Amino acid sequence: MSILKKTNKKKLIILGGHGVGLIVASIAKSFYNYKILGFLNDKIKINSKIGINKKYKIIGKSKDVKKYLKDDEIYFFNAIIDYKKKNSFKIKIPNKKLVSFIHPKASYDPDTVKISKNVLICSNL
C-alpha cells in the first residue's frame with residue numbers, strides 16, 4: 001500500500017483578463033503550487049471562460065476583491081494594465097496578499113535584483 005502525499009495548492013485570483021493575466025495563470029499553475037480560482041474583470045461577462053481551451057473563469061468584477069480578501073488562503077496578482085488610466089485604478093490589496101512569479105527559465109541575477117510584490121518575470125526564450 002502506498003501513501004500519497006497530499007499537497008495543498010495555494011489559491012490565486014488574478015485581476016485582469018487576457019494577456020499578462022493568462023501568462024501569470026500559466027506560470028502559477030505550471031511551476032508553482034497554485035490553483036487558479038478565476039479572474040476578476042470589469043469588461044468580460046461574469047461566468048465567461050477565457051484562455052486556451054477556455055479553462056479559466058471570470059468570477060467577478062474588480063470591486064469583488066473585498067469579499068475575497070477576507071479569506072487568508074487566497075492570494076492575488078493584479079494584471080490590470082491600462083496605461084491611459086493607470087492612476088484611476090485604486091484597488092487596495094495588502095502586500096501580504098500579493099504574489100510575484102518568476103518563470104524558471106528567466107535570466108536575472110538574484111544578488112543584484114530585488115523582486116517586490118506583484119511582479120512577473122517571464123522566460124527570455
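Select residues 49-50, strand β3, together with β4 (residues 56-60): the two form a hairpin with five residues between them. Strands here are DSSP E runs of at least two residues, and helices are H or I runs of at least four, numbered from the N terminus. In the turn, Gly 51 has a positive phi of about 95°. This is a predicted model, in which local features need pLDDT of at least 70, side-chain atom pairs count only at pLDDT 80 or more, and totals for chains, interfaces and linings use all residues. Residues are numbered from 1 along each chain as its sequence is written, and side-chain values use heavy atoms, without hydrogens and water.

Stay on β4. β3 runs antiparallel to β4 and is joined to it by two bridges; strands count as paired if DSSP finds at least two bridges between them. Lys 49 stands opposite Lys 57.

Buried means under 20% relative accessible area, exposed over 50%, and partly exposed in between, with a 1.4 Å probe and protein chains only.

Move to His 103, in the loop between β6 (101-102) and β7 (120-121). His 103 is buried, at 15% relative accessible area. A polar atom of its side chain lies 3.0 Å from the backbone nitrogen of Lys 105.

Finally, select Ile 27, Phe 31, Ile 121, Cys 122 and Ser 123: these are in contact (heavy atoms within 4.5 Å) with His 103, leaving aside its neighbours within four places in sequence.

How values were computed
Polar contact = N/O pair within 3.5 Å; in protein donor to acceptor, adjacent residues only side chain to side chain.
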